[in-house]
Amino acid sequence: MLVRDAMSTVVLTIGPAHTLRQAARLMSARRVGAAVVLDGDAGLGILTERDILNSIGRGEDPDREPAGSHTTHEVVFAAPGWTLQEAAGAMTRGGFRHLVVLDDLGPVGMVSVRDIIRCWLPAHSVAD
């Protein structure tokens, strides 16, 4: 099975000036765990629910903290034609749970550990 078969095509895109609260509201409304941050200077990045949680855990104000200050720019991207094994391997090596899926035109999806498990479970389930 390929990344294109598992990925969500709902790609939330925000700017670096969005506050963490704004990002969290948008992520919650779209039921996604990560957002692509488009920054004209820094390029494409990713903001995850864990980034927001860590900021709040440090006592930072989500109404004042810009998403750009918590964005990861050293992003590992997946291609739609990657196998799920390749995506899972990249996630394991990098220690993250989301991959932005890119094609020649830009972000086309997001694949998460949950997406991969959802696809693998029926194929790998064992009869009780």
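Trainee: What order do the strands β1, β2 and β3 take in their open sheet?

Mentor: The order is β1-β2-β3, with mixed pairing. Strands here are DSSP runs of E, at least two residues, and helices are runs of H or I, at least four, numbered from the N terminus. Two strands pair if DSSP finds at least two bridges between them. This is a predicted model: local features need pLDDT of at least 70, side-chain atom pairs count only at pLDDT 80 or more, and totals for chains, interfaces and linings use all residues. Residues are numbered from 1 along each chain as its sequence is written, and side-chain values use heavy atoms, leaving out hydrogens and water.

Trainee: Which strands stand at the edges?

Mentor: β1 (13-14) and β3 (43-48); each has a single partner strand, so one side of each is left without a neighbour in the sheet.

Trainee: What packs on that sheet?

Mentor: Helix α2 (residues 20-30), which touches β1, β2 and β3. Contact means heavy atoms within 4.5 Å.

Trainee: And how many bridges join β2 to β3?

Mentor: Six, with β2 (residues 34-39) and β3 antiparallel. Leu-38 has Leu-44 of β3 as its bridge partner.

Trainee: Other sheet: what is the order of β4, β5 and β6?

Mentor: β4-β5-β6, again an open sheet with mixed pairing. β4 (77-78) and β6 (106-112) are its edge strands. Strand β5 (residues 98-103) pairs with β6 in the antiparallel sense over six bridges, and Val-100 stands opposite Met-110 in β6.

Trainee: Changing topic, is Leu-121 buried or exposed?

Mentor: Exposed, at a relative accessible area of 53%; the cut-offs are under 20% for buried, over 50% for exposed and partly exposed in between (1.4 Å probe, protein chains only). Leu-121 lies in helix α5 (residues 113-124).

Terms used: Axes are lines fitted to C-alpha atoms, for helices over the stretch in contact, and angles run from 0 to 180 degrees between N-to-C directions.
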